[in-house]
Amino acid sequence: MKKIEIVTTFLEYDSIAELEQKDQELMNRAVEVRKKAYAPYSKFRVGAAILLEDGTIVVGSNQENAAFPSGLCAERTAIFYVGANYPDQRILKIAISASSDLKVTSTPIPPCGACRQSILEYETKQDSAIEMFFMGAEGKVCYSPSLVNILPFHFDKDSM
């Protein structure tokens with residue numbers, strides 16, 4: 001038997017104000033679009049802002065549907081828009097902000113498993129890391145240098 005140790009590294013900032021100016025702007029876009037989420041059932045709102053290599057920022061918010069699970073998370077709304085409209089642009093960074101109408105979310109909230117898998121697909125496709133920032137409605141912000149950092153055991157094209 002062989003023991004394998006997996007170590008992931010994150011940076012944790014006390015607030016958006018500690019981020020570099022461009023990263024603050026990206027996170028603020030995620031916060032802004034989060035407020036436009038359509039979340040009448042879960043009351044859980046998520047916004048995502050994606051920075052492309054040409055400087056374009058694409059945003060998305062979660063969109064729910066009474067015929068659960070027909071809705072779509074913010075991260076996948078944004079990243080699929082990028083895939084459809086900017087297929088040749090590399091994704092440099094994604095910022096994610098999540099909040100609840102029922103309680104204050106002040107700890108960083110990472111993407112769900114389905115969104116991690118979708119972001120991984122684009123990281124694999126472009127053969128370069130996608131930097132990630134994520135937070136709740138307020139408070140600390142986590143930074144990961146890549147999706148693989150938060151999903152070390154992953155399923156991609158090489159698994160097939």
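**View 1. The end of helix 3 and the residue after it.** Asp127, which has a positive phi near 55 degrees, follows helix 3. The model shown here and in the other views is predicted. Asp127 belongs to the loop between helix 3 and strand 5 (131-135), and Asp127 is not a glycine. Its relative accessibility is 71%, so Asp127 counts as exposed, the cut-off being over 50%.

**View 2. Helix 3 and its cover.** Helix 3 has 14 residues, which at 1.5 Å a residue should span 20 Å; the C-alpha atoms at its ends are 20 Å apart, in agreement with that value. Its buried residues are Cys115, Arg116, Ser118, Ile119, Leu120, Tyr122, Glu123, Thr124 and Gln126. The cover over these buried residues includes helix 2, strand 4, strand 5 and helix 4 (147-150). Ala114 also lies in helix 3. With a relative accessible area of 38%, Ala114 is partly exposed. Between Ala114 and Gln21 there are 30 Å in space, C-alpha to C-alpha, and the two are 93 residues apart in sequence.

**View 3. Helix 2 among strands and helix 3.** Helix 2 runs over residues 74-85, and its 12 residues should span 16 Å at 1.5 Å a residue; the distance between its end C-alpha atoms is 17 Å, which agrees. Ala74, Glu75, Arg76, Ala78, Ile79 and Val82 are the buried residues of helix 2. Among the elements that cover them are strand 2 (44-52), strand 3 (57-61), strand 4 (91-100) and helix 3 (113-126). Helix 2 is in turn listed in the cover of the buried residues of helix 3.

View 4. Phe68 and Pro69 are joined by a cis peptide bond, with omega about 10 degrees. Pro69 sits in the loop between strand 3 and helix 2.

**View 5. Helix 1 and the strands that cover it.** The buried residues in helix 1 include Asp23, Gln24, Leu26, Met27, Ala30, Val31, Val33 and Arg34. Strand 2, strand 3, strand 4, strand 5 and strand 6 (141-144) are included in what covers the buried residues of this helix.

**View 6. Arg34 and its surroundings.** Arg34 is a residue of helix 1. Its relative accessible area is 7%, under the 20% cut-off, so Arg34 is buried. Apart from neighbours within four places in sequence, Arg34 is in contact with Arg45, Val46, Gly47, Ser97, Ala98, Ser99, Gly136 and Ala137. One of these contacts, Ala98, is 64 residues from Arg34 in sequence, while their C-alpha atoms are 7.0 Å apart.

View 7. Lys43 is placed in the loop between helix 1 (21-34) and strand 2. Its phi is positive, about 65 degrees, although Lys43 is not a glycine. The relative accessible area of Lys43 is 31%, so this residue is partly exposed.

**View 8. The whole protein, for orientation.** The protein has 4 helices and 6 strands, and along the sequence they follow the pattern β-α-β-β-α-β-α-β-β-α. A compact globule of 160 residues would have a radius of gyration near 15 Å, and the protein, at 15 Å, agrees with this. Along the principal axes, its C-alpha atoms fill a box of roughly 45 × 40 × 35 Å. Of the 160 residues, 42% are buried. Among contacts between residues at least 6 apart in sequence, 67% join residues at least 24 apart. The protein exposes about 9000 Å², of which carbon and sulfur atoms supply 54%.

Notes. Residues are numbered from 1 along each chain as its sequence is written. This is a predicted model: local features need pLDDT of at least 70, side-chain atom pairs count only at pLDDT 80 or more; totals for chains, interfaces and linings use all residues. Side-chain values use heavy atoms; hydrogens and water are left out. Helices (H or I, at least four residues) and strands (E, at least two) are DSSP runs, numbered from the N terminus. The expected span of a helix is 1.5 Å times one less than its number of residues. Buried means under 20% relative accessible area, exposed over 50%, partly exposed in between (1.4 Å probe, protein chains only). Contact means heavy atoms within 4.5 Å. The radius of gyration is taken over C-alpha atoms; the globule rule is 2.2 Å times the number of residues to the power 0.38. Accessible areas come from the Shrake-Rupley method with a 1.4 Å probe; for residues, only the protein chains shown count as cover.
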